[in-house]
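Subject: Handover of a structural model

Dear colleague,

Please find the structure below, handed over for your own work.

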Amino acid sequence: MKARTALLAACAVFLVALVLPAFISGYGIRILNLALISAIAVIGLNFAFGYAGLITLAQAGFVGCGAYITAILSTTLGLSPWLSIPAAVIGTGFISVVIGLPMLRLKGHYLALATLGFNVSFVIVATNWKSVMGGTDGISGIPPLALPGWAFATDHRYYYVIWVVLAAATWCAWRIRNSHIGLAMIAVRDDEIATGAASVGVTRIKLQAFALSAVYAGLSGALFAHMANFVAPDDFNLGHSIIYLAMLIIGGEGSILGSIAGAVIVTFMPELMRDLGTAYMIVFGALMLLILIFLPKGLLSLTGIVGRRLKASGR
Amino acid sequence: MGNKRLFGRRKVMAGAAAATGLTIWSQRLSAQSGEVAVGAMVPITGPFNVSGQQYHFSLQMVQDEINAKGGVAGKKLKIVFEDVKDSNSVAVNAYLKVVRDIEPPLIFLSSYTTQNLATEPEVTKAQIPGMYAGGGDAMHLKKNPWLFRIRPHDGLQALALAKHATEGLGKKKIGIIYVQNDFGQPGAVAAEKMVKAAGAEVVGMEAYAFTDNDMSAQLQKLKNAGADCLICISYGKDGALVLKLMKEMGIDLPVVISSGVMVPAARNLIAPDELAHVNGVMDAYLAPERGPDVAAYIKTFKERFKVDPDPFGSCYYDGAWIMKQVMDKVGTDRAKIRDELKLVKDYKGVTNTFTTDEWGNMVHSLAVFSIKPGTRDPVFIRTITA
Amino acid sequence: MQQFVQLVVSGLAVGSVYALVGLAFIMVNEATGVVNFATGQMVAIGCFLGVTTSLQMGLPLAPAYVLALAAMAFFGVVFYAVVFRPLQDRPVVTVIIGTVMIGIVIQNAALMTWGSVPFRPRSPFGRQVIDVFGAALSAHALFVIVVAFLMIGLLYLFIYRTAIGARMRAVAQDRDAARLMGIGVDRMFVLTWIIAGLLTGAAGILVGPMWFADVNMGDPIALKAFAAIIIGGFSSVPGAIVGGILVGLAEMLGAAYISSAYKDGLVFLVMILFLLVRPQGIFGERIGQRA
């Protein structure tokens, strides 16, 4: 029975995830944590780009918003991370609505460049607004997430937090995908004019997708801040936005699991290739290019999955 | 229509395969016994390589020299390099990898402050002593007992610049131009304070972005504000651009410039006449006339690597010799190494004299120099000590 | 007053470079629909090829430049073959990411080839300085302005006054219709990429003596060029010129009169404002359904 297989599969994944840290070193766990945290941001990006077709280069900027908001609140104002993280998520969502309202009237590469401008400006502000955001020195000493008497201060412990959040985020994304909001987003990507003619508020749908992507990004950034205990502007620059897009495309755009797979692969690959020495960035770039050329549906297509196929016409 | 399920059999198998692979890959590499493996975080690829290359070289060289002199604690020394590129998270990953791979008694961090700041919490978790060369004051203000800085910190450099401009050159109206980041800005602020404390006036402070190529607007403003001397806090390429522009614009003012521009990598970007009014400050005055040890170091370095050594990379050479001295005395126990490093006093290296203070700073003086007219060669003037 | 003139001439020099690079970007985008995020790296390669031919091979400057430009034209063809051709019918974003990845490859290959130590290429005018209304302009900067405008002018003539140019425009307007009319579409693409190679190569060579050759030099220039063509008009040759000059002037004047630290932020703010208020830029036509 299909439902039972799904349940068994879920249990298997759960068990593996539970025991994995026991077998992995601090280095491996750190990379895994980074990959899973990125996965959250990429799932978010999937809403904006995979479903609604918005080319956004702002994702790292939103991750940065989440990271900095929680950093500032938990260091300067001494708020508990349990409060500052939700505040960061909400704050980032709010910022995305404010900039989304004007920007989402743009399409295609105009939108791409506008979001690029936002990301670049975010880094410039973070670098120069030293009093609040710490400048290039960033904000350090960010406290770890903690329960009374017990802190998630090591990567092994924090891994469980990230897993829980990722699982919840994935489940939410799946529900949204199958809801009318998700279908509306996909409709916008497939044929914006028809959707508009069906008198569904296209800008409102785009804004929902954009805000969702930002909310996920903010969550990702906040989680990162309390793991690394340090944030600096360069961690959220344009290059990172492009990497998130690459993760999504390589994993399989339009697919939630593709988002996770892409995040894991693109995070691990440079680390796995360290032994190549000076040439490894060349190999990494070339490999990515080859994947783009030969696996257009992303790597998840290797397992024969047909994720939600979103064939856009005339792009 | 469509796949409403999140999981399918194949996805789970793929995930299981990935998890297994991850576990296998992540197993510890056992360190060779009979060897002491020490970690070194170096920008091997990426834009920071221009300085990273220098300590990649100096550490390779010192490894061979130390092994020729019996190694450390009676065993052969092996320095394991990991690439930190130009990214904070890659730097942290590299640190964690080295900790996992070789469980070293000591790790050299990179020379970039933001990378140092990002790695610092992990140093505390790992409880491994480390030497670093990032200059930002924020690092030593953390008072991390495990970390030791092997070159003068940026605040000291700013002090030296200000002191030389006012006391050394006797100038009264100083204009400050600086690179807008964690190195330039605190330096500029510190220099401003020092200049005022010395009774001179700061007529303007202008910043430029690290990637800027045209600072003519900033220079123009400082000139028009009536500056009789400029303090320039910059790295190599941007410092060279500033000096080139000053010559083009006919701004004939004396300049007291930070060390970045005098490293071999940057020196060839400047023509001798662009250096005509330049005085500068260097971490260390690496010239044969400082003594036979220094002369031998420069000669060996140049023969082996075909480039001149610079002070930023060479401080790691000194750091490694200090490490040998310490390990020969107390062995490879991390806490003992840390405690012994705190006691370093008046160690004479090729770059400087090392004495550890309460902040973990080991170097407290800088060299001031001018330029021999018509050349690019520095002429030593004096040392400024904190 | 002298300060103002100084700033304006510097802004013009800087702006001409942005205009050239912006044009390279526009050419490719118009003909192929691709946003080439490796444009910055192409500029850097052009600059380093100039370094190799003039400094390392020791050729006199004129043949050195010609050789470097020829190499860049070839590089454009290689780029077409390796990146564009395989990804031709993919969605735009895939191609964008593809150009980013090739940009990473190019930048690191440049690092391995030329190392991380910057070079200072010679200028045909040495380090001469000219007095322009009391402001000092390096002769080379003037050379940059002149050459940039010349190249743009020649390009304009080529596109709008020659038969081949007409064919290129046809392909840009409607690929399928052009094909139906018997125009060798692939050949036009190759030509487009060759021109892009020449433009970025020229920009790189011109910029070298002014801003030094450094493997990381490309991206900041490309970013400003993007801003320039947004402001000037995405599909417009005069737009690229005007946009480039405006960005150059905004940088210089902004640094002098507003804030030197935030001057880049200023430029991007203007770009964003244009995107929001007048996305077609100053000279562009109203944008259509370009998804």
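This is a predicted model: local features need pLDDT of at least 70, side-chain atom pairs count only at pLDDT 80 or more; totals for chains, interfaces and linings use all residues.

Does B:Asn361 count as buried or exposed, and at what relative accessibility? B:Asn361 counts as buried because its relative accessibility is 2%; buried means under 20% relative accessible area, exposed over 50% and partly exposed in between, with a 1.4 Å probe and protein chains only.

Residues are numbered from 1 along each chain as its sequence is written, chains are lettered from A and ligands numbered from 1 in the order in which they are written, and side-chain values use heavy atoms, with hydrogens and water left out.

Surroundings of B:Asn361

B:Asn361 sits in the loop that runs between β12 (353-354) and β13 (365-371) of chain B; strands (E, at least two residues) and helices (H or I, at least four) are DSSP runs, numbered from the N terminus. Its side chain forms a polar contact of 2.6 Å with the side chain of B:Arg149. Such a contact is a pair of N or O atoms within 3.5 Å; within protein, one must be able to donate a hydrogen and the other to accept it, and residues adjacent in sequence count only if both atoms are side-chain atoms. Apart from neighbours within four places in sequence, the residues in contact (heavy atoms within 4.5 Å) with B:Asn361 include B:Tyr132, B:His140, B:His153, B:Thr355 and B:Thr356.

Chain A

Chain A contains 13 helices and four strands. The C-alpha trace spans about 55 × 45 × 45 Å along its principal axes. Of the 315 residues in chain A, 61% are buried.

Chain C

Chain C has 11 helices and two strands, in the order α-α-α-α-β-β-α-α-α-α-α-α-α. Its radius of gyration of 19 Å is close to the 19 Å that the globule rule gives for 291 residues, so chain C is as compact as a globular protein of that length. The C-alpha atoms fill a box of roughly 60 × 50 × 35 Å along the principal axes. Buried residues account for 61% of the 291 in chain C.

Yours sincerely

Technical notes
The radius of gyration is taken over C-alpha atoms; the globule rule is 2.2 Å times the number of residues to the power 0.38.
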